[in-house]
Each structure stands twice: as structure tokens, then as C-alpha cells.
Amino acid sequence: MRILLVEDDQLLGDATQAGLVHDGYVVEWLRDGLQAESALNSQSFDGVVLDLGLPGKDGIEVLSSMRKRGDSTPVLVLTARDSVGDRVKGLDTGGDDYLIKPFDLDELSARLRALIRRSSGRSAPTIEVGTVSLNPASHQVHVDGDLTELSQREFSLLQLLMEAEPRVLSRSYLEEHLYGWGDDIESNALEVHIHNLRKKLSKSFIQTIRGVGYKVQGER
Ligand code: CA
């Protein structure tokens, strides 16, 4: 899961990025509203954590132009303690949730999970496809009721595919949501993770759709 963090405060941004990375998110951190807008225009994210007072362009304007473009990526707005007006404006402009600074990193993570869950149309905290069950909060995967050990990257890849089910996700979409801007990716990295997941789950769970990408499928 790939998150765009837009925050111009160095200390807060640092801590937030570290906390989200620790929770398994790929985090792109920008400190300027104009840069954020251009990233949102050209790339896709699973969620956005957006400060409102930003250099370049105000957070509310960034949010407003996202929604005008029809970009429905979940947005969590960060606001200052005493600014009820900002919170109302953030929600009315198309923000999905807000947190008041300073906030607890566990709470930020939980709110992001809830936003991503709702945006994929799910109400249950676990994602179930066939005999595979994935819990984004506990980072656990069960196959036929048995706990299965996955690496962080394998877990993220499986979550992307299971959230999207029954849609097919392209190779480039998966790479974009699994790796950050600074990551050095081997050209066959995705195939290696798919191969390992198939060994740990079942051969037929992840299907290759030639020329298109990958999808997961429960037993029929
Ligand atoms: Ca700020």
C-alpha cells in the first residue's frame, strides 16, 4: 500500500513517515503543495495524509483540485488543535477523515486502514478470498485456518491483489504500489514475489492473465 504524505514540518514528517514505513506502507513524503499536486496528477496512491498549511499551495486547494478531477483516493487531513474551521473545511472539501496534531502513530495507521478498507468497499476488517484470509491490522494471513508466514513485501502484494479481487492488476500498477521512488527494483522482483506467494498459498490462487497482469481467485 502506497501513501502520499504531505507535511512541511520536518520533525513531524520524519516521525510519521517512519511510523507508516514500520507498519508496512510505502511512503512518499513531499513538503510542498505544488509538488503534491503534480505527484497526485501523475501517479496513483492508496491513501493521502495531507497537512493543510503548506508552502506552494494550500492543502485545501490540493484536496479540492483532486476531487474536481474525480480522484477519489482516500484523504486524511492533519489539522492543528484549535482549528475547528479547518477540520470542517477539510471534510467539506472532500477529506475522508482528520487527525489533530500531535497525533498517535497507531491511531493514524488504524484510521488509514479504515479509509483504505472503506474505499475498497469492504466493511469487515479481514479480507477473505477463497480459503485465504488476510488481516491488514495484525499483518496475518491464514490459509485454511493455518497461519502462514509472509515477508513484508509478499504481504503487501497479496493485500493489493485481494483488495482488488476480482479485478486484474497490471504489473506496472503493482510495482508502483509496492515500491517507493527511491527503491532499486530488480526487473524480475515482482515475479519472484508472485512465485514465493504461490508456493506459500496455492498454485492456482494467484492467476497470471497474459499481457494484462495478475489477479487472485478463490476456488470455484
Ligand atoms: Ca504545515
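In which loop does proline 102 lie? Proline 102 sits in the loop between strand S5 (97-100) and H5, where helices (H or I, at least four residues) and strands (E, at least two) are DSSP runs numbered from the N terminus. This is a predicted model, in which local features need pLDDT of at least 70 and side-chain atom pairs count only at pLDDT 80 or more, while totals for chains, interfaces and linings use all residues. Residues are numbered from 1 along each chain as its sequence is written, and side-chain values use heavy atoms, with hydrogens and water left out.

**Nonpolar cores**

- The largest nonpolar core has 44 residues, and those with the most contacts inside it are Val141, Leu158, Leu161, Met162 and Phe205; a nonpolar core is a set of buried Ala, Val, Leu, Ile, Met, Phe, Trp, Tyr and Cys residues joined through side-chain atoms within 4.5 Å.
- Helix H6 (residues 152-164) supplies the largest share of this core, 7 residues.
- A second, separate core of 17 residues includes Val6, Leu30, Ala39 and Leu63.
- Not counting residues up to four places away in sequence, valine 141 touches several residues, among them Val132, Leu134, Phe155, Leu158 and Leu201, where contact means heavy atoms within 4.5 Å.

**The calcium ion**

- The protein donors of the calcium ion are Asp8 (OD), Asp51 (OD) and Gly53 (O), which lie 2.2 to 2.4 Å from it; donors are N, O and S atoms within 2.8 Å of the metal (3.2 Å for Na, K and Ca), and water is not among the atoms, so sites may look incomplete.
- Aspartate 8 belongs to the loop between strand S1 (2-6) and helix H1 (10-22) and glycine 53 to the loop between strand S3 (47-51) and helix H3 (59-68), so the pair ties together parts that are 45 residues apart in sequence.
- Aspartate 8 is partly exposed at 34% relative accessibility, and glycine 53 is partly exposed as well, with a relative accessible area of 46%; buried means under 20% relative accessible area, exposed over 50%, and partly exposed in between (1.4 Å probe, protein chains only).

**Helix H1**

- H1 has 13 residues and reaches 18 Å from its first C-alpha to its last, close to the 18 Å expected at 1.5 Å a residue, the expected span being 1.5 Å times one less than the number of residues.
- Leu12, Gly13, Thr16, Gly19 and Leu20 are buried in H1.
- Seen down the axis of H1, its buried residues fall within an arc of 135°, so they line one face of the helix; the arc is that of the directions from the helix axis to the C-beta atoms.
- These buried residues pack against S1, strand S2 (26-30) and helix H5 (105-119), whereas the face turned away from the buried side carries the exposed residues Leu11 and His22.
- After H1 comes glycine 24, whose phi is positive, near 95°.

**Backbone features in loops**

- A cis peptide bond joins lysine 101 and proline 102, with omega about -5°.
- The peptide bond from glutamate 165 to proline 166 is cis, with omega near 10°, and proline 166 lies in the loop between H6 and strand S10 (169-170).
- Histidine 139, in the loop between strand S7 (132-135) and strand S8 (140-143), has a positive phi near 60° although the residue is other than glycine, and histidine 139 counts as partly exposed at 30% relative accessibility.
- Aspartate 144, in the loop between S8 and strand S9 (146-148), has a positive phi near 55° and counts as exposed at 57% relative accessibility.
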